[in-house]
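Me: I would like to work through this structure slowly, one question at a time. Could we begin with the words that describe types of residue, and with how the model is read?

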Amino acid sequence: MKIAARSRIKSPWLFHLNTGSCAGCDIEIVATLTPRYDVERLGCILVGSPRHADVLLVTGPVTRQMLPRFIRVYEQVPEPKVVVAVGVCAISGSPFVGSQMIEGPPDKIVPVDVYVAGCPPRPEAIVNGIVTALKKKFG
Amino acid sequence: MTEKFDEVKEVKVDYTRLRVPLGPVHPALKEPISLTVTVRREEILDVVIRLGHVHRGIEALAETRNLIQTLYLVERICGICSHSHTTGFVQALEEIGEIELSDRSLHLRSLIFELERMQSHLFLIGIMAYEIGFDTLFMFTWYEREKILDLFEEITGNRIHHSMNTLGGVRWDLSPSFVEKVNCSLNKIEKSAKYIQEVFQDKTVEKRLCGVGVLDYDEARELCVVGPTARGSGVKVDIRKAYPYAAYSELKDDFSVVLRNTADAQARTQVRILELFESINLIRAILEKLPDGPIYKESVIKLMKKIPEGEATSLVEAPRGELLYFVRTNGKEGLWRLNVRTPTIPNVLGLKPMLIGSEIADIPVTVASIDPCMACANRITVVDQDKRETIVTDLKNLRNRGKKQ
């Protein structure tokens, strides 16, 4: 394993993008950082800028307003990048299927590596999703 | 080479008015909201607030689904106050269908309501601590919040979307052994809430929050802000007291409305901390008074078929303030119209007077102090007044319509 890939697995930095979710998944993502689940012990940090991130966590069906912003944020994440779709909305658009305001799901627009199911998924599932994505990409 | 560095270029920048775009994707904001801030050096002169980034067309979707499907859809308007949304919707339907509920189911509804209020307030107190750079307190508060989520998980099976309400009652019951467990957790949470209250009275925290984002009494009345934002400005509004719903008419004496007069971020945070204790008192009272009886009437499908054509409004006090539901059924298991007025819409309007005159560094604290929930505030559909139609169109069509007119 090359040293760059190894260090990426050691400390994956996360960027979280809300593309129109109900805030349920967003809270669970923040909850993974708090003492009960504490992903920071695995080297994960939620960063403020997509340019610093290795992993892009996408929640929500992509709304029409967020579509150009979503593409822009995706392009700003440096290669090699991993995209994790968190929640049922980001997998299929679940309860909002049929709405004319929805342009998603995200895998229509950008390649998605791992899907984490649940409405919202438990923090354990989100951690598992990040680990799976990193294994798939670098392991 | 040295000559080049010695040259001093004069760059003329007009610092008198500078427009700074904030959002929709910004590290200080957890949910998409766009603020265009005009500043003179550090002072904020004007703010333009733009919403609509998480508009999912829920009201239009509800018109294409039946009542039970809509119940699960309105739950997903917002992930933090999901129980408030379903309660508002179900209450309106029960008024139309003239369904009477058992006392036990009403008490259980109130119980989940108060637990949700506590989880939402702890969430906000944590975010406030995070915004002022006090990460330890943020972690501590969110650790306490997990205890409430555990209770939710034991009662309903879910952490965030509880799916507790249904037409004519609630879906899950409490066992007697579980009541003890709730009491035990409440004691622990009360202890740590007292600790959080002490920390927020610390001088460093007070200096960061006092005088930030001031919204005085008159402005608060004028803008009709609701919930803890209004109570922090000294406006006495609480739907639980004014128009009691669920079991609150029986619990009137078990809680009081918390008011603060300083009208800044500190006051709004204090209101939320003190409401934690009120909620703890309410939950204890509910568990004491919990009557026996069935938790739901009859099959939900049968009840749904019985609901006639009609309209009703219902009001509930969500953790962020007054939440209004207007429901008009078509008598065929569906809806003509669903209209929701969420507490964040009036509260976001209050942001403008709060921000003008303050500094750029205070924006995150001020925005966090009203506890905005953007997912709630984005449900706008196009209404054609002449034809009395509700249309959801795409941008191209809208532009073409503009050209024709």
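Reply: Ala, Val, Leu, Ile, Met, Phe, Trp, Tyr, Cys and Pro count as nonpolar, Asp, Glu, Lys and Arg as charged, and the others, Gly among them, as polar. This is a predicted model, in which local features need pLDDT of at least 70 and side-chain atom pairs count only at pLDDT 80 or more, while totals for chains, interfaces and linings use all residues. Residues are numbered from 1 along each chain as its sequence is written, chains are lettered from A and ligands numbered from 1 in the order in which they are written, and side-chain values use heavy atoms, without hydrogens and water.

Me: Which class of residue, nonpolar, polar or charged, dominates the lining of the largest cavity?
Reply: A cavity is a set of points on a 1 Å grid over the protein atoms alone where a 1.4 Å probe fits but cannot get out, and lining residues have an atom within 4 Å of a point. The largest cavity is lined by 20 residues, and B:Lys30, B:Glu31, B:Phe123, B:Ile127 and B:Pro372 are the ones that lie nearest its centre. This lining has no polar residues and five charged ones, against 15 that are nonpolar.

Me: Which element gives the most residues to that lining?
Reply: Helices (H or I, at least four residues) and strands (E, at least two) are DSSP runs, numbered from the N terminus. Elements of both chains give two or more residues to the lining of the largest cavity, namely helix H2 (24-31) of chain A together with helix H5 (103-131) and helix H16 (363-369) of chain B. The one that gives the most, with four residues, is H5(B).

Me: Where is A:Pro120 placed in chain A?
Reply: A:Pro120 is joined to A:Cys119 by a cis peptide bond, whose omega is about -10 degrees. As for its place, A:Pro120 is in the loop between strand E5 (114-116) and helix H5 (123-138) of chain A.

Me: Is A:Thr32 buried or exposed?
Reply: A:Thr32 lies in the loop between H2 and strand E2 (45-46) of chain A. Leaving out residues up to four places away in sequence, A:Thr32 touches (heavy atoms within 4.5 Å) A:Tyr37, A:Asp38, A:Val39, A:Pro123, A:Ile126 and A:Val127. The relative accessible area of A:Thr32 is 3%, and since buried means under 20%, exposed over 50% and partly exposed in between, with a 1.4 Å probe and protein chains only, A:Thr32 is buried.

Me: What is the relative accessibility of A:Asp38?
Reply: A:Asp38 is one of the residues that A:Thr32 touches, and A:Asp38 is found in the loop between H2 and E2 of chain A. Although it is not a glycine, A:Asp38 has a positive phi of about 50 degrees. A:Asp38 counts as partly exposed, because its relative accessibility is 26%.

Me: Is B:Glu98 buried or exposed?
Reply: B:Glu98 sits in the loop between H4 and H5 of chain B. Its phi is positive, at about 50 degrees, although B:Glu98 is not a glycine. With a relative accessible area of 70%, B:Glu98 is exposed.

Me: What relative accessibility does B:Gln91 have?
Reply: B:Gln91 lies in helix H4 (residues 82-97) of chain B. Apart from neighbours within four places in sequence, B:Gln91 is in contact with residues including B:Arg109, B:Tyr245 and B:Val316. B:Gln91 counts as buried, because its relative accessibility is 14%.

Me: Which residue of E2(B) is the bridge partner of B:Leu18?
Reply: Chain B has another open sheet of three strands, in the order E1-E2-E3, with antiparallel pairing. Within this sheet, five bridges join E1(B) to strand E2 (residues 34-40) of chain B. The bridge partner of B:Leu18 in E2(B) is B:Val39.

Conventions. On a 1 Å grid over the protein atoms alone, a cavity is a set of points where a 1.4 Å probe fits but cannot get out, and a pocket is an open set with protein on both sides within 12 Å along at least five of seven lines; lining residues have an atom within 4 Å of a point. Two strands pair if DSSP finds at least two bridges between them.
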